[in-house]
Amino acid sequence: MDNKQKPVVGFIGLGVMGKSMAGHILNGGYPLYVYTRTKEKAAELLDKGAIWAATPKEIAHQAKYVFTIIGTPNDVEEVYLGENGLITNGKENTYFIDMTTSSPTLAQRLYEEGKKKGIHVLDAPVSGGDIGAKEARLAIMVGGDQQDFDVVLPLFQLMGKNIAYFGKAGSGQHTKMANQIAIAPTMIGVCESLIYAKKAGLNVQKVVDLISTGAAASFSLSSYAPRILKEDYSPGFFIKHFIKDMTIALNEAEKMNLDLPGLTLAKQMYEKLAKMGEENSGTQALYKYWQ
C-alpha cells in the first residue's frame, strides 16, 4: 500500500522503548510525525523519513492515530490536557493511545475528556522492555472501547505479539499494574538467588543456565541474570520508572483496601538504590543492594 493511502500516525516519546516502537510504524509504511522533548532522540527516525512536530498540538492537527509513551502520569496529563495537548487540540474521530505505564484513574479521565470531543482514547501499556520493543514482540494490554481496539489493532501488531483487550478505560493500566506487581518480588528472588550461589562458591552462570529450565524459570531470570553477571546495569527499564509504577500500584491497591507486602518491600529496596544514585540504572541493578 502506498504511503498516501495510509493514515498519518503520530508518536510522542522516543525513549528506550518509544524510539523502536515508532520505528516499526515507520517501517510499516505509515507517514509518521514525531515529538519528544529532546529533538536529538528523534534524529535517526527523521533520517528515515519521519516528520518533526514542534508540539503535541501539531501532531493532534496532523495525525489520525497518535501513540504516546512518556514518563510519569503528570507528563501524560500535560501531553493530553495541557494548553498544547492532544485532547485540548484534537479533532473528532481521531484515536489517541497512551502506552505509558500510568494511573488507571488518569486513563479513565482521559477517556471521558476525549469522549466529550468525539475522540477515541485507549490506554495500552506494554511489557517486554527494550528488547521486546526492538524485536516488535511487546505484550500490549488495552483498555477502552472494544470497537476502538479493533480499529487500532493493525498498528498494535506492528509493535507487539501478545495483544489483548481487557475492558473499559483503565483496564489496560490495571493489567500493567498486575504485571509490575508480579515482577517486583521476582527481581528480589533473582538477585538473592545469584548472591546465594556466589556465596556458596558455585559457578553462577552454570546455576542460571540450569535453573532457567526448571520451576524457577522467568523472564527476569533469563533476561536480567546474564546482564547482572556481566555487570551490565544499563536500563532496559529505569529504576526511577519502576518506582513510579510501584507507587501507582500501591495507591490503587490502597483504594481497594488491599495490602501488598511483597510490592511494599520491593519499593523500599529500590528507593534505597535510588538514594544511592542508581535511579537511572536498569531494574537489574537491584543486585547492588547486597554490595
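**Helices and buried residues**

Author: Let's start with helix α12 (residues 239-255), which has 17 residues and reaches 25 Å from its first C-alpha to its last, close to the 24 Å expected at 1.5 Å a residue. That expected span is 1.5 Å times one less than the number of residues, and helices (H or I, at least four residues) and strands (E, at least two) are DSSP runs, numbered from the N terminus. The model is predicted, so local features need pLDDT of at least 70 and side-chain atom pairs count only at pLDDT 80 or more, while totals for chains, interfaces and linings use all residues. Residues are numbered from 1 along each chain as its sequence is written, and side-chain values use heavy atoms, with hydrogens and water left out.

Reader: Which elements do the buried residues of α12 pack against?

Author: Buried means under 20% relative accessible area, with exposed over 50% and partly exposed in between (1.4 Å probe, protein chains only). In α12 the buried set includes Ile 239, Phe 242, Ile 243, Met 246 and Leu 250, and also Lys 244, Asp 245 and Glu 252. Through contacts (heavy atoms within 4.5 Å), the buried residues of α12 pack against α4 (73-81), α6 (104-116), α9 (171-199) and α13 (261-278).

Reader: And which residue just after α12 takes a positive phi?

Author: Look just past the end of α12. The phi there is about 55°, and the residue is Asn 257.

Reader: Why is α1 described as largely enclosed by the rest of the structure?

Author: Ser 20 sits in helix α1 (residues 18-27), and Ser 20 counts as buried because its relative accessibility is 16%. Leaving out residues up to four places away in sequence, Ser 20 touches Ala 133 and Lys 134. Other buried residues of α1 include Met 21, His 24 and Leu 26. α1 is largely enclosed because its buried residues number eight of the ten.

Reader: What about α10 and α11: how are they arranged?

Author: The axes of helix α10 (residues 204-211) and α11 come within 11 Å and cross at roughly 175°. Val 204, Gln 205, Val 208 and Ile 211 of α10 make the contact with Leu 221, Ala 225 and Leu 229 of α11. The angle makes α10, relative to α11, roughly antiparallel.

Reader: Is Tyr 65 buried or exposed?

Author: Tyr 65 lies in strand β4 (residues 65-68). At 10% relative accessibility, Tyr 65 counts as buried.

Reader: What separates the C-alpha atoms of Phe 149 and Ile 211?

Author: Phe 149 is in helix α8 (residues 146-159) and is buried, because its relative accessibility is 7%. Along the chain, Phe 149 and Ile 211 are 62 residues apart. Their C-alpha atoms are separated by 38 Å.

Terms used. Axes are lines fitted to C-alpha atoms, for helices over the stretch in contact, and angles run from 0 to 180 degrees between N-to-C directions. Angles under 35 degrees count as roughly parallel, over 145 as roughly antiparallel, 65 to 115 as roughly perpendicular and the rest as oblique.
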